[in-house]
Amino acid sequence: MQVASEKLVSIDYTLTDEQGNVLDTSNGRDPLSYVHGAGQIIPGLERALEGTSPGESLQVTVAPQDAYGVRDPNLVQAVPRDQFPEDAMPQVGQSFPVETDGGTLVVTVANVDEKTVVIDANHPLAGHELNFDVTVTDVRDAPAEQE
């Protein structure tokens, strides 16, 4: 059976950045399973897997616009330090949810000084080309949704 829309697909993968640093891997874990065509993985990887079969391996390079998007400088903001609770100690790299008009957004602290905390709402991998080594381990019909 081939990877196609509405199939339950399982893959083993290793994700590396432009410098070859391993960012994530299924090595030592169960394969990643997803429903093909349901938007559960990044679009560039999903398109590359279309039509493959169990046992096939491929190397895929995914451009930022087909992964987590290009970096948007408008999603980086300096927030006055006094907007944080007195006992909060924001640290660079820390992530936390923020409620917005559009819903909950996860932001990462990019910089901290006495007066401001710079937060970044871009996905940490936004703007990066991603490299996947992928092996399709299983393809089967997705279970019907239960009502």
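A polar contact is a pair of N or O atoms within 3.5 Å; within protein, one must be able to donate a hydrogen and the other to accept it, and residues adjacent in sequence count only if both atoms are side-chain atoms. The side chain of K7 makes such a contact with the side chain of D141, at 2.4 Å. This is a predicted model, in which local features need pLDDT of at least 70 and side-chain atom pairs count only at pLDDT 80 or more, while totals for chains, interfaces and linings use all residues. Residues are numbered from 1 along each chain as its sequence is written, and side-chain values use heavy atoms, with hydrogens and water left out.

Stay with K7. It lies in strand 1, residues 7–16. Strands (E, at least two residues) and helices (H or I, at least four) are DSSP runs, numbered from the N terminus. K7 is buried, with a relative accessible area of 18%. Buried means under 20%, exposed over 50%, and partly exposed in between, using a 1.4 Å probe and protein chains only. Leaving aside residues up to four places away in sequence, K7 touches M1, Q2, Y34, V35, H36, V139, R140, D141 and A142. Contact here means heavy atoms within 4.5 Å.

Four strands form an open, antiparallel sheet in the order 5-8-7-6. Two strands pair if DSSP finds at least two bridges between them. Strand 5 (76–80) and strand 6 (95–100) are the edges, each pairing on one side only. From one strand to the next, the twist averages 45 degrees. Axes are lines fitted to C-alpha atoms, for helices over the stretch in contact, and angles run from 0 to 180 degrees between N-to-C directions.

Look at strand 8. Four of its five residues are buried, so strand 8 is largely enclosed by the rest of the structure. Five bridges join it to strand 5; P80 has T116 as its bridge partner. Strand 7 (residues 103–112) pairs with strand 8 (residues 116–120) over four bridges. There V112 stands opposite V117, and V109 opposite I119. Strands 7 and 8 form a hairpin with three residues between them.

Last, the aromatics. The structure holds one aromatic pair. The rings of F84 and F96 have centres 6.1 Å apart and planes at 85 degrees, so the pair is edge-to-face. F84 sits in the loop between strand 5 and strand 6, F96 in strand 6, 12 residues apart. Rings of Phe, Tyr and Trp (its six-membered ring) pair if their centres lie within 6.5 Å; planes under 30 degrees apart count as stacked, over 60 as edge-to-face and the rest as tilted. F84 is buried, at 16% relative accessible area.
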